[in-house]
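Here are a few exercises to work through with the model open on your screen. Try each task before you read its solution.

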Amino acid sequence: MTTPENPTSIKAETVNRGLPAGKMPELRMMPAPSDANVYGDVFGGWIMAQVDIAGSLPATRRANGRVATISVNSFVFKNPVFVGDLLSFYADIVKVGNTSITVNVEVYAERNRLQACTVKVTEATLTYVATDSDRKPRKVPPIETLIRS
């Protein structure tokens, strides 16, 4: 029997219910009271900053170096985020250009974690540009180059 006194007996499939199957989040964060208004709703700007960080991680790996955010193509807040929610940020590269990398980011909030209530709270698409040490655009290396490294 699973009880709050024995959280180790919670099965993995119960804890992950509602999260994308077979995927690892790029980032997991829990907003603090300083990230919210007086009603406990987390500021959209704080969520946007975390989405930008999460999206930059696969872009940086694919670019094999520095990237800069060049555009936020879409950003949708689907549900509110509250202090105490455990947010999981999933990021997937959807397009690679000569110097740019476009990433989709989905954010899920685990609420009442002992009951494993999970809701999708945000989805966004951002584009990053690979930059050199002078912060000028550079070509994204071919994937074969990255595999050999």
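Buried means under 20% relative accessible area, exposed means over 50%, and partly exposed is in between (1.4 Å probe, protein chains only). The model is predicted: local features need pLDDT of at least 70, side-chain atom pairs count only at pLDDT 80 or more, and totals for chains, interfaces and linings use all residues. Residues are numbered from 1 along each chain as its sequence is written, and side-chain values use heavy atoms, with hydrogens and water left out.

**Exercise 1. Classify Phe-77: buried, exposed or partly exposed?**

Start with its relative accessibility, which is 42%. Phe-77 therefore counts as partly exposed.

**Exercise 2. Find the aromatic pairs and work out how their rings sit.**

Step one is the rule: rings of Phe, Tyr and Trp (its six-membered ring) pair if their centres lie within 6.5 Å; planes under 30 degrees apart are stacked, over 60 edge-to-face, and the rest tilted. Applying that rule gives two aromatic pairs.

Step two, take Phe-75 and Phe-77: the ring centres are 5.0 Å apart and the planes stand at 45°, so this pair is tilted.

Step three, go to Tyr-90 and Tyr-108, an edge-to-face pair with 5.8 Å centre to centre and 85° between the planes. This pair links distant parts of the chain, with Tyr-90 in strand 3 (residues 86-96) and Tyr-108 in strand 4, 18 residues apart. Strands (E, at least two residues) and helices (H or I, at least four) are DSSP runs, numbered from the N terminus.

Step four, check burial: Tyr-90 is buried at a relative accessible area of 3%, and Tyr-108 is buried too, at 11%.

**Exercise 3. Check the length of helix 2 (residues 44-63).**

The expected span is 1.5 Å times one less than the number of residues. Helix 2 has 20 residues, so it should span 28 Å, and its end C-alpha atoms are 28 Å apart, which agrees.
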